[in-house]
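Let's walk through a structure together, with questions about its charged pairs and its ligand. Have your viewer open and follow along.

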Amino acid sequence: MREAEGQRTFTGTGVGRGVVAGPVLRMPEPLPEPSADPFAGDVTLEQARAVAALSATRADLEERARRAGGHAQDVLEAQAVMADDPALAEDVATRIAAGRSAERAVFEALATVQQVLFNLGEPMAARATDVGDVSQRVIARLLDRPVPGPPESDEPFVLVAADLAPADAALLDLDRVLALVTSGGSATSHTAILAREQSLIAVVGVAGAEQFEDGEIVLVDAGAGVVTGSPTKREVRSARSTAAERVRVSPRSPGELADGTPVPLLANLGSVTGAAGALALGAEGVGLFRTELLFLDRAEAPGVAEQADRYGELLAAFPGKRVVVRVFDAGADKPLAFLRPDEAEPNPALGVRGIRALRARDEVLRDQLTALALAQDAHEADLWVMAPMIADLPEAAAFVTLAKRLGLRTVGTMIEVPSSALLAAQILGVADFVSIGTNDLTQYTLAADRLLGPLASYQDPWHPAVLRLVKLVGDAGLASGRSIGVCGEAAADPALAVVLVGLGATSLSVTPAALGDVRSELRRYTLEAARAMAMDALSAASAAEARAAALA
Ligand code: PEP
Ligand code: MG
């Protein structure tokens, strides 16, 4: 926190780019922890009470899921399943038999699940809030008390909370809630994801947010990730005019810089159902279709005909547009039963994953490429195909040669292993395009497993080492005239998106909900300005310094 002339400024992770000022209303306190005193009543009746509360909670969450729709629906349905989990019911029954009240048994059983999730680190740790919410809902039912939920008010307000359960975030009254400020949460927590989906201005992970009082005016600047208590009139005025400026870019206008340099804005998708939503948000095509997500539940590799149908559905949704499909990226964070390594791996992120797994099972790769070629020939979309985890020229050349032999027209590779960034000029000698996967490029550059919570701070694509690798790829793109995409999460950070273009990216692919913010931000800078920001960031010594230098 910084204090200047009675002002209090707190920082966190902003979601979106909006700015707004309004009075605070705080989320009511959670229910008190149920007493651990021994339970002396009828165990069978107590167990039945717990079962009834669990199943009523499941029904309530299912109903909320139906009303919410979108990503919120998936989250609420997952919570409903949690409440109805037979293993949970059994654990609760055992605890009651051991002398706990139903409230205490539910509290303890779900606290254990929360702890396991925390120990797994991000992204699983972010799900602990969802479990905590299920616990509060079941206990509230047992106590016959209302579930603590967002406050109601006739006037618009800024909601301040420790964290917001998905069930609450999904059904917020968006006519009243101007912005959301939470002390907990991270960029990948459901609170942040749901806020992004609803275009709700939010700053999460704000240490000290609990100090704001009901009724106090705060200025929430999501772009800067800053919340200011008691802002001056001038700050509020300037915040409002910046907000008005941002909404002027319509989703129907293409991605471009202030000087008209085109930067096509594409969508990252993992299923065909997301296509309509992406188009509505102005996606100019698909920059990354993660095919492995279609078949996560399969024990056997899907056949050519089935795959051709699925890819055909995707292409049919984007007639005349670019659709970049990635062949199966199996392993580490995306295990596929039919492309599992032969031996257990102590470090799966450094193991037989991506193209390595496909080369070990050549027939799976051939079938997938054959299916893609069939879909390509039957549809109008401009299909581009790429391989994950390519390390060098021979690997790139083998993939491009095979894909072209099987009939694919535009074939490229991802750049997500540092060796391939260093050798991008060679790779662009055989590949039609490359797309930089900054998620993996960051984990491999900083040697920090992207799934390990304690190492989450290393997973920051603003790191100048990552930016320098991106620049090598950008320079190789400029020299060869080939397309350089970025499809990692970095492109969804509006300020970083500008820097990536300054480093040589020619298109960006992001989660559809981020398209609007990235589009608005690109319009604020010329190519020359973007390059200058990139240069400032490159010479920094840390991710935080690079961000500060670019935005100075
Ligand atoms: C990446 O690594 O940046 C990427 C886009 O691929 P994934 O996140 O699916 O590994
Ligand atoms: Mg990757």
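The questions below concern a predicted model, and they move from salt bridges to a ligand site.

Q: How many salt bridges does the structure hold?
A: Side chains of opposite charge can pair when their charged atoms come close. Here the cut-off is a side-chain nitrogen of Lys or Arg within 4 Å of a carboxyl oxygen of Asp or Glu. Counted that way, the number of salt bridges in the structure is 26.

Q: Which residue forms a salt bridge with Glu33, and how far apart are N and O?
A: Start from the loop between β4 (19-26) and α1 (43-68), where Glu33 sits. The partner is in helix α4 (residues 102-120), 71 residues apart from Glu33, and the pair links distant parts of the chain. The side chain that meets Glu33 is that of Arg104, with an N to O distance of 2.9 Å.

Q: Is Arg104 buried or exposed?
A: Its salt-bridge partner is Glu33, and Glu33 has a relative accessible area of 52%, so Glu33 counts as exposed. For Arg104 the relative accessible area is 11%. Buried means under 20%, so Arg104 is buried.

Q: What is the distance between the closest N and O atoms of Arg100 and Glu108?
A: Arg100 is partly exposed, with 27% relative accessibility, whereas Glu108 is buried at 14%. The two form a salt bridge, and their closest N and O atoms are apart by 2.8 Å.

Q: Which parts does the salt bridge between Lys404 and Asp432 tie together?
A: The closest N and O atoms of Lys404 and Asp432 are 2.8 Å apart, and Lys404 is partly exposed at 34% relative accessible area.

Q: The side chain of Glu216 reaches the backbone nitrogen of which residue?
A: Glu216 lies in the loop between β7 (201-204) and β8 (217-221), and its relative accessible area of 14% makes it buried. Beyond four places in sequence, Glu216 touches several residues, including Arg8, Gln211 and Ser230. At 2.8 Å, its side chain reaches the backbone nitrogen of Glu213.

Q: Which residues are linked with Arg326 in a network of salt bridges?
A: Arg326 is among the closest residues around ligand 1, as are Lys334 and Arg450. These three also belong to one network of salt bridges. The residues linked with Arg326 there are Glu292, Asp329, Lys334, Arg353, Asp440 and Arg450.

Q: How much of ligand 1 does the protein bury?
A: One oxygen contact of ligand 1 is with the side chain of Arg290 at 2.7 Å, and another is with the side chain of Arg450 at 2.8 Å. A polar backbone atom of Thr438 is 3.1 Å from an oxygen atom of the ligand. Taken alone, ligand 1 exposes 290 Å², and the share buried by the protein is 99%.

Q: Which element gives the largest share of the shell around ligand 1?
A: The shell has 14 residues, dividing into three nonpolar, four polar and seven charged. Two elements give two or more residues to the shell, β11 (285-290) and α16 (438-445). The largest share, three residues, comes from α16.

Note on methods: Residues numbered from 1 in each chain as written. Chains lettered and ligands numbered in written order. Predicted model: local features only at pLDDT ≥ 70, side-chain atom pairs only at ≥ 80, totals over all residues. Heavy atoms only, no water. Helix = DSSP H or I, 4+ residues; strand = E, 2+ residues; numbered from the N terminus. Buried < 20%, exposed > 50% of the residue type's maximum accessible area, 1.4 Å probe, protein only. Polar contact = N/O pair within 3.5 Å; in protein donor to acceptor, adjacent residues only side chain to side chain. Contact = heavy atoms within 4.5 Å. Near = heavy atom within 4 Å. Areas by Shrake-Rupley, 256 points an atom, 1.4 Å probe, with all protein chains shown as cover. Nonpolar A, V, L, I, M, F, W, Y, C, P; charged D, E, K, R; others polar.
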